[in-house]
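User: Hello! I am new to this structure and would like to learn how to read its features. Could you walk me through it?

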Amino acid sequence: MSRPISLIIHPDAMIHNLSIAKHYSGENKLFAVVKANAYGHRIENSYDAFKTADGFALLEISEALKLRSLGCSSEILLLEGIFTPDDLTLCEQYGLTMVIHSFQQIEWLSSYQGNYKFNIFLKLNSGMNRLGFKAEQYTTAWNMLHKLNCIKNIVHTTHFSDADDIRLGIDGIEYQYKTFQQITHKIPGKTSVCNSAALLRHSKKLSSDYCRAGIMLYGCSPDYPKHSIDHWNLRPTMTLKSEIISIQCVKAGETIGYGSTFTAEQDMQIGIVACGYADGYPRSCPSGTPILVNGQLTHTIGRVSMDMLCVDLTNIRNSHIGTEVTMWGHSSTGSILPIELVAHAAGTIGYELMCKITARVPIKIERKTSYV
């Protein structure tokens with residue numbers, strides 16, 4: 001018998017979450033962000049669920065080519081643009097739209113010798129200070145692109161650093177959006193400013209002709225712990241599930257796991273679960289991290305090992321070797337453990353947990369999920 005751990009993908013939840021994104025984006029175009037292999041879900045497992053979006057956004061041309069191979073004819077946006085001049089050939093061949101965020105990329109475009117006309121998202125660095133042109137550079141960059149024969153259309157774009165919360169004591173988008181409006185309002189072109197957090201929290205006061213929905217599509221709240229997925233009516237799209245492979249009875253005073261970091265204060269029954277950090281479950285999860293056993297909420301005990309973790313079975317009904325354990329997502333009983341709760345315990349975010357599931361974990365597709 002194979003090791004019982006598995007990663008289960010829920011396409012119906014993806015379809016539902018896309019409908020929520022469409023509700024918030026209204027008449028604006030909505031791009032489904034599928035970077036990092038669809039946030040760890042795999043592009044081939046996500047495309048059918050997201051294909052009614054107006055387009056897709058990702059980083060790597062190889063992932064764009066995979067979308068095209070799946071039959072995608074929608075617009076595909078490269079969020080970091082091109083990395084070498086040779087990438088322009090593939091952008092032409094596969095009809096890819098690109099973000100332009102540096103003068104080096106404009107130089108490569110100016111040397112392009114083909115007849116194709118590219119769609120461009122020109123990025124303003126409005127305060128995130130990662131990619132994009134500073135406010136004093138932006139108009140110059142736009143003028144340079146506008147003069148090139150190979151440019152068909154230019155969309156103004158930026159990315160908010162704090163759309164999920166506040167920035168330096170004020171609304172998380174106020175400073176950056178003001179900068180964006182001041183720079184772009186006199187330049188023709190449509191706009192793209194909304195990511196998941198901005199779409200859910202600020203869409204009524206933002207003008208964004210193109211919205212970029214990412215983490216919300218995968219059933220993770222972009223502003224947890226302020227709001228949960230229930231608040232936004234989102235559904236988990238990923239379940240990490242395994243089973244109890246051993247049960248130990250521990251006496252008061254005995255320790256559990258590497259480093260003896262947990263000492264039992266009373267007699268306990270613990271379950272050993274076939275899941276560890278080599279599967280992608282965070283080693284940083286401390287004792288007390290929430291977990292579901294047979295759909296019942298309990299918690300981890302001691303350090304997470306490479307291949308195993310321990311859970312408290314003391315108050316769990318009907319637990320035995322082979323009992324289902326849900327690290328996050330949907331249990332077969334209908335109970336749900338949101339991924340952001342586990343991530344919060346680990347001191348990280350749901351994005352990272354989704355992306356870190358390792359290749360040794362087999363993937364299954366569950367077409368219909370029961371929601372309670």
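Analyst: Gladly! Let us begin with contact, which means heavy atoms within 4.5 Å. Leaving aside neighbours within four places in sequence, L353 is in contact with P282, W328, I339, V342, A343 and T348. This is a predicted model, where local features need pLDDT of at least 70, side-chain atom pairs count only at pLDDT 80 or more, and totals for chains, interfaces and linings use all residues. Residues are numbered from 1 along each chain as its sequence is written, and side-chain values use heavy atoms, with hydrogens and water left out.

User: Is L353 buried or exposed?

Analyst: Buried means under 20% relative accessible area, exposed over 50%, and partly exposed in between, with a 1.4 Å probe and protein chains only. L353 has 2% relative accessibility, so L353 counts as buried.

User: Which helix does L353 lie in?

Analyst: Helices are DSSP runs (H or I, at least four residues), numbered from the N terminus. L353 belongs to helix α12, residues 350–355.

User: What is the nearest side chain of opposite charge to E340?

Analyst: Lys and Arg count as positive and Asp and Glu as negative, while His and the chain ends are not counted. A salt bridge needs a side-chain nitrogen of Lys or Arg within 4 Å of a carboxyl oxygen of Asp or Glu. For E340 that nearest side chain is R201, 12 Å away, and E340 is buried yet has no salt bridge. E340 sits in helix α11, residues 339–346. Not counting residues up to four places away in sequence, E340 touches G219, C220, S221, Y224, S228 and I229.

Technical notes. Helices (H or I, at least four residues) and strands (E, at least two) are DSSP runs, numbered from the N terminus.
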